[in-house]
Amino acid sequence: MILRVDDYPTGVRPILPDHVEKFGPILDEFEKRGMPYVLGIVPTLCDRKDWVYLKSLKSMLPACHGYDHMYPVYSKLLKDDPYNKKGLAGGASEFHGLSQMVTEKLVSSGLYLMRASLEREVTRFIPPFNSMNPFLEEALIKHGVDTLLCEGAHTSKIPCVSSYPYYIRSSDYQKCPGIANAACVTLHLTWEWDLLREGTSKLSEFLDFIQPARSLATDAVDPK
Ligand SMILES: [Zn+2]
């Protein structure tokens with residue numbers, strides 16, 4: 001089973017003050033179990049402190065989660081709704097409607113920033129809003145991406161892992177039949193932070209629940 005966690009340090013919500021300290025206990029649940037997880041990182045939203053923190057995570061498998069996730073546009077709409085409770089912001093990816101040249105420029109600079117900052121190879125990509133297009137696909141192939149983690153039907157030349165129907169909040173894992181044998185489960189840091197803040201997180205319980213099945217399957221599914 002691949003565990004996918006999206007939106008470090010955010011997706012469209014305004015970046016939380018002290019987000020490294022706030023997200024620490026969430027990612028620690030994976031780290032303390034030594035459970036590998038794919039973290040979707042939005043490269044241009046990370047600062048120096050983020051990169052230092054991300055480099056310290058031992059079980060984290062980095063995935064490039066777009067370029068800026070349309071953060072400059074959408075986060076402004078959420079200024080008075082920082083937890084996106086009304087669900088108003090977000091939809092179109094930053095790669096939507098771009099020319100081939102601009103698409104490639106964003107892809108190459110996002111990947112370059114991640115590889116240089118983490119000082120390791122990055123070959124996984126999680127398209128923001130699970131939204132792919134042909135120019136994006138070509139640019140990803142050209143720049144060394146060999147694994148997509150994405151929902152929804154699309155014709156990709158890049159091997160793709162879907163977590164359908166396990167795109168969830170940890171608090172809902174008991175409502176998901178078959179989840180112990182899922183190929184991939186997707187969580188979001190922002191959603192997990194909501195649960196933690198509200199005292200309804202079941203992340204620890206969920207990871208304990210899936211750990212036996214997962215340790216057998218992990219290497220076979222994702223050897224990187
Ligand atoms: Zn996202």
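These are my notebook entries on a predicted model.

**Core.** I began with the largest nonpolar core, which has 48 residues. Val38, Leu39, Ile41 and Ala63 touch the most other members. I then listed the contacts of Ala63, leaving out residues up to four places away in sequence. Ala63 touches Val38, Leu39, Gly40 and Ile41, and also Arg124, Phe125, Ile126 and Leu149.

**Helix H4.** I checked the length of H4, residues 100-118. At 1.5 Å a residue its 19 residues should span 27 Å, and the end C-alpha atoms are 27 Å apart, so the two agree. Next I looked up which residues of H4 are buried, and found Thr103, Val107, Gly110, Leu111, Met114 and Ser117. They cover an arc of only 140° around the axis, so they sit on the same side of H4. Met101 and Ala116, on the other side of H4, are exposed. The buried residues of H4 pack against strands S2 (37-41) and S3 (60-64) and helices H2 (48-56) and H5 (134-142). Just after H4, I noted a positive phi of about 55° at Glu119.

**H1 and H6.** I took the axes of helix H1 (residues 19-31) and helix H6 (residues 189-198), which come within 10 Å and cross at roughly 95°. H1 is therefore roughly perpendicular to H6. On the H1 side the contact is made by Lys22, Phe23, Pro25 and Ile26, and on the H6 side by Leu189, Glu192, Trp193 and Leu196.

**Backbone exceptions.** Most residues other than glycine have a negative phi, and most peptide bonds are trans, so I looked for departures. I found a cis peptide bond between Tyr8 and Pro9, with omega about 0°. Pro9 is in the loop between strand S1 (2-8) and H1. The bond from Tyr164 to Pro165 is also cis, with omega near 0°; Pro165 belongs to the loop between S6 and S7.

For phi, I noted Met70, with a positive value near 60°, in the loop between S3 and helix H3 (71-77). Met70 has 22 C-beta neighbours inside 10 Å, so it counts as buried. Asn130 has a positive phi of about 50° and lies in the loop between strand S4 (124-125) and H5. With 19 such neighbours inside 10 Å, Asn130 counts as partly exposed, because 20 or more are needed for buried.

**Cys176.** I located Cys176 in the loop between strand S6 (160-161) and strand S7 (184-188). Its 15 C-beta neighbours inside 10 Å make Cys176 partly exposed. Leaving out residues up to four places away in sequence, Cys176 touches Tyr166 and Ile168. From Cys176 to Glu137 I noted 39 residues in sequence and 31 Å in space, C-alpha to C-alpha.

Definitions and conventions
Residues numbered from 1 in each chain as written. Predicted model: local features only at pLDDT ≥ 70, side-chain atom pairs only at ≥ 80, totals over all residues. Core = buried A, V, L, I, M, F, W, Y, C linked by C-beta atoms within 7 Å. Buried ≥ 20, exposed ≤ 12 C-beta atoms within 10 Å, placed from the backbone. Contact = placed C-beta atoms within 7 Å. Helix = DSSP H or I, 4+ residues; strand = E, 2+ residues; numbered from the N terminus. Expected span 1.5 Å × (residues − 1). Arc of directions from axis to C-beta. Axes fitted to C-alpha atoms, helices over the stretch in contact; angles between N-to-C directions. Parallel < 35°, antiparallel > 145°, perpendicular 65-115°, else oblique.
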